[in-house]
Amino acid sequence: MIEWLAFPLLVAGAAAIPKGSNERKSIQTIFENTGYGITNKKGEPQFPKFKKKYPIVDGKEEIGTKYVFQIPLGLPATKMAEMEKKVHFFSDGLSRPVLVEFKAWVIPNDPRKYLVIKVFKKDIPNLFPYKLVPECPVYPEDHKKTGENKWVIPLGKVLEGMLWHDFEQIPHMTVAGTTRFGKTVFLKVLVTYLIEYHPQDVELYIIDLKGGLEFGRYKLLEQVKGVASNPMEAAIMLDGIHNQMQEKYKYFQENFYTNISNTPIKKRKFIIVDEAAQLAPEKWMKKEQKEMLGMCQYFLGEITRIGGGLGYREVFCTQYPTSDTLPRSIKQNSDGKVTFRLPSGYASEVAIDERGAEELPSDVKGRGLYKTHELQRMQVPLLEDHDMWKRLERYQVPQSMKGAPENVVEYREKEEPAGEDLVKFG
Ligand SMILES: Nc1ncnc2c1ncn2[C@@H]1O[C@H](COP(=O)(O)OP(=O)(O)OP(=O)(O)O)[C@@H](O)[C@H]1O
């Protein structure tokens, strides 16, 4: 019978990785020591076979080596998925950062799936200044002039280079993380980058429930259409946005538009909520207060449910990810999930559907995980306030010229060929 090797048994009789051996041999020794294979009918152990290796390159720099192995026939895919998670077998053994993947098209013109062990020369940095964020490859060099309709932001540095989030592909995002680990800095990176790359087309609605101090100054930016700093203001703002969205829905129906990406409409509206736990109704609250918070959560859920195709993007942040603070309706429709360090595996499961955020280092700020269909470990760029304001101050306009942009209270759609819309503040 062919069977998956019971690795604890083998570990007991494990051979040490020979000193001075090369990486490839070390990986093979790790396969043997951890039982990363099967025994065939004759009782002979079979391990993945080395096929090829390639350099891993970031820009002009060689940052590691990719080892491609063919797995023995009969090794089940479920075991491969398990093994992808046991990456520390390799990183501990090789004393290097490692990624393990099982995927197709690793070898040119070969659609078969192979086991890929990527060994990197160095780990992601503990500090990644914003000014080192490279030009995003999706933006043409003269993007700031042409205003190309791409909505990508930098998330951070990962082992393989730079990680980006594309709001056209994944319109909504949740962000979790215990206080002081980097959520606010991440939001500042997001807002700054969006404004720098889309000064004409981005509209920001900020719900800052941490007292309104952190984002108060943003009110002065021409792209910021409203800052709500308590649940009542949030409810009014969200009610206005919800009305806008319904109008827009009708407008899309009348024009046979199915998704904003395929229309001439250039504007995108970002609704940023920090700290969402303040919107969770509590037992001790008065009925009216509970209803108001419930309404906010309902509107935020609706934005993620139908807003994506209409050009609304939600970024929903919380320190305490629980089923109350991160409602299912929002989480299910937010396919990009960022988390910084969290206090428990349970909180991590709520935030990203798996454990891991509780194991992020406690002494590295801005270290996070990004979950889509896969999980990536990243270091978010550090953008200091003075640098941010140097970049943004040109977009500051006197409050009087902006009207009173506290809340969105009325919405009118103006039928222009470009499909631009008007938001009126009261
Ligand atoms: N990406 C980063 N790189 C390096 N240091 C960072 C990074 N992000 C945050 N820090 C450091 O950690 C401090 C706290 O970060 P931040 O204010 O973003 O935390 P937070 O999670 O939003 O906390 P709170 O919820 O209390 O506002 C920052 O002042 C900065 O010194």
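Which helices and strands each supply at least two residues of the lining of the largest pocket? I shall answer that in a moment. Colleagues, please keep in mind throughout that the structure above is a predicted model.

The answer is helix H3 (77-85), helix H4 (88-94), strand S6 (98-103), strand S16 (367-371) and strand S17 (375-379). Among these elements, S6 gives the most to the lining, with six residues. The largest pocket has a volume of about 1,300 Å³, and 33 residues line it. Nearest its centre are Glu 84, Lys 85, Val 87, Leu 99 and Leu 375. Sorted by class, the lining comprises 13 nonpolar, five polar and 15 charged residues.

The secondary structure comes to eleven helices and 19 strands. The chain has 426 residues, and 51% of them count as buried. Of the contacts between residues at least 6 apart in sequence, 64% join residues at least 24 apart.

I turn to the second largest pocket. Its space is about 480 Å³. The lining consists of 24 residues, and the closest to the centre are Arg 180, Gly 182, Lys 183, Thr 184 and Val 185. Helix H6 gives the most to this lining, with five residues. By class, the residues here are nine nonpolar, seven polar and eight charged.

An unreviewed UniProt entry lists Gly 177, Thr 178, Thr 179, Arg 180, Phe 181, Gly 182, Lys 183 and Thr 184 under "binding site". Of these residues, Thr 178, Thr 179, Arg 180, Phe 181, Gly 182, Lys 183 and Thr 184 are included in the lining of the second largest pocket.

Thr 178 sits in the loop between strand S10 (173-176) and helix H6 (183-197). Is Thr 178 buried or partly exposed? Its relative accessible area is 24%, so Thr 178 counts as partly exposed. Leaving out residues up to four places away in sequence, Thr 178 touches Lys 183, Gln 319, Arg 341, Leu 342 and Pro 343.

Phe 181 is found in the loop between S10 and H6 as well. Phe 181 is buried, because its relative accessible area is 12%, and buried means under 20%. With residues up to four places away again set aside, its contacts are Phe 340, Arg 341, Pro 361, Ser 362, Val 364, Lys 365 and Gly 366.

The largest nonpolar core has 48 residues, and Phe 186 and Leu 190 have the most contacts inside it. H6 gives the most to this core, with nine residues. Beyond its neighbours within four places in sequence, Phe 186 is in contact with Ile 153, Leu 155, Met 173, Val 175, Val 338, Phe 340 and Val 380. Apart from this core lies another, of 31 residues, among them Ala 235, Ile 303, Leu 310 and Phe 316.

Two further residues illustrate individual surroundings. Lys 157 belongs to strand S8 (residues 152-158) and, at 23% relative accessibility, counts as partly exposed. Lys 157 and Ile 124 are 33 residues apart in sequence, with their C-alpha atoms 6.5 Å apart in space. Sequence neighbours within four places aside, Lys 157 is in contact with Asp 58, Ile 124, Pro 125, Phe 128, Arg 377, Met 378 and Gln 379.

Ser 348 is placed in helix H10 (residues 345-352). With a relative accessible area of 0%, Ser 348 is buried. Not counting residues up to four places away, Ser 348 touches Leu 342, Asp 353, Glu 354, Arg 355, Gly 356, Ala 357 and Glu 358.

I close with backbone geometry. Most residues other than glycine have a negative phi, and most peptide bonds are trans. Which residues does a cis peptide bond join? They are Asp 274 and Glu 275, with omega at about 15 degrees. Glu 275 lies in the loop between strand S13 (268-274) and helix H8 (287-307).

As for phi, Ser 95 has a positive value near 55 degrees. Ser 95 is found in the loop between H4 and S6 and is exposed, with a relative accessible area of 64%. Phe 256, which is not a glycine, has a positive phi of about 55 degrees. Phe 256 lies in the loop between helix H7 (231-254) and S13, and its relative accessible area of 74% makes Phe 256 exposed.

Conventions:
Residues are numbered from 1 along each chain as its sequence is written. This is a predicted model: local features need pLDDT of at least 70, side-chain atom pairs count only at pLDDT 80 or more; totals for chains, interfaces and linings use all residues. Side-chain values use heavy atoms; hydrogens and water are left out. UniProt positions are given in the numbering used here, feature names are shortened, and annotations may be inferred rather than shown by experiment. On a 1 Å grid over the protein atoms alone, a cavity is a set of points where a 1.4 Å probe fits but cannot get out, and a pocket is an open set with protein on both sides within 12 Å along at least five of seven lines; lining residues have an atom within 4 Å of a point. Helices (H or I, at least four residues) and strands (E, at least two) are DSSP runs, numbered from the N terminus. Buried means under 20% relative accessible area, exposed over 50%, partly exposed in between (1.4 Å probe, protein chains only). Contact means heavy atoms within 4.5 Å. Grid points are joined across faces, edges and corners, and a volume is the space filled by probe spheres set on the points. Ala, Val, Leu, Ile, Met, Phe, Trp, Tyr, Cys and Pro count as nonpolar, Asp, Glu, Lys and Arg as charged, and the others, Gly among them, as polar. A nonpolar core is a set of buried Ala, Val, Leu, Ile, Met, Phe, Trp, Tyr and Cys residues joined through side-chain atoms within 4.5 Å.
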